[in-house]
Amino acid sequence: MRGGMTRRALMRSSAAGALGLAATGLSGVLAACGPGMGQVDPASETLPPDTAAPGAVSTTPGSARHTLASATVARQFFGEKLVPTTRSSFGLDLAEVLPSDDKRFPSFLRVSIPSDVTNPEEARIYQDGATYGGIQMFVDHTLRSPYELYMRYYVRFPQDFEFGKGGRLPGFFGTIVKNRIRTETLRSGFATRFAWRDGDFGLIYANTARSDHPVNTVGKASWRWPRGRWVCVEQGVKLNFEGFADGLMLIWIDGQLVYKDQQFNPRISNDLRTGGFLVTATFGDGGATFKPASPQTIDLAGFAYDVKRLNPLPKPEDG
């Protein structure tokens, strides 16, 4: 066969491929499917996983830990309606999945935040400054390019948590969708991450690609973050029309509306859509003074979204 393979060579190649599949497992096959999938059609029923290869899992005794560094663990934790990716991520080995102590969700994520780790500069997004420890991970939804979306998750700060000067928590991120194809997933979009500043005061970091206000801190001191228990966090975002400040952002903490912005204006283009969760748990973005005084942990659980408000899950004592 000119320019091709002999039948015997083809059979040897097929057999080797089959052995390779058996050795690496199904998750490895999925990761290997990345090349050739550089553009993602959000109109499909289920978005494929990110094209980057998952981070390597340690072969030390610590590999028994179930962390987001494993693509399989990440997909199991976030469920069928969310697609964890590895673009611009860091700290995945610091995010351990543990059995839940709450009947409302089967497992939770414990994020470890060392006091002496500065996150990689190449993973900084949305004009972020230096951050310390923790995790950053983009988790895509599987909807058809919504411009209005609602989220819910749970966060727990330990009873002895030291808030320090400030840090960030998960929120939404946006992406440019043109002709129903995602053409830019990071720097042309937006992010609306929960955060804390000056102790336990809550706020939202609203980052946009707009040159007139690329970074906004909104809703500061509209609520305070409790320690020692699970807190229900909800956010709703309705995007504005290009050129009009007619968007909407809503924040609920433990079921109570604590912040409402009826002039939310992140759009630089009508092609901008809400892309999914930006899962973040870090200290920082205000210089070295934001560095945690000692190692900390933050627990996260129950990530969910819908095109309408979800409301808090019933508490176990409520039946």
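Author: Helices and strands here are DSSP runs numbered from the N terminus, where a helix is a run of H or I with at least four residues and a strand is a run of E with at least two. The model is predicted, so to speak of local features pLDDT of at least 70 is needed and side-chain atom pairs count only at pLDDT 80 or more, while totals for chains, interfaces and linings use all residues. Residues are numbered from 1 along each chain as its sequence is written, and side-chain values use heavy atoms, with hydrogens and water left out.

The chain has 2 helices and 15 strands, and the part to look at is the loop between β8 (190–197) and β9 (201–208), where Asp198 is found. Most residues other than glycine have a negative phi, yet the phi of Asp198 is positive, near 50 degrees. With a relative accessibility of 42%, Asp198 counts as partly exposed, a class that lies between buried (under 20% relative accessible area) and exposed (over 50%), using a 1.4 Å probe and protein chains only.

Strand β8 also holds Trp196, which at 0% relative accessibility counts as buried. To see its partner, one needs the rule for aromatic pairs: rings of Phe, Tyr and Trp (its six-membered ring) pair if their centres lie within 6.5 Å, and planes under 30 degrees apart count as stacked, over 60 as edge-to-face and the rest as tilted. By this rule there are 25 aromatic pairs. One of them joins Phe138 and Phe173, edge-to-face, with 4.9 Å centre to centre and 85 degrees between the planes. Another edge-to-face pair is formed by Phe157 and Trp196, at 5.8 Å centre to centre and with 80 degrees between the planes. Because Phe157 lies in the loop between β5 (148–156) and β6 whereas Trp196 is in strand β8, this pair ties together parts that are 39 residues apart in sequence.

A charge sits over a ring if NZ of Lys or CZ of Arg is within 6 Å of the ring centre and within 35 degrees of the ring normal. In this way the charged end of Arg224 sits over the ring of Phe201, 4.4 Å from its centre, and the charged end of Arg156 sits over the ring of Phe108, 5.3 Å from its centre.
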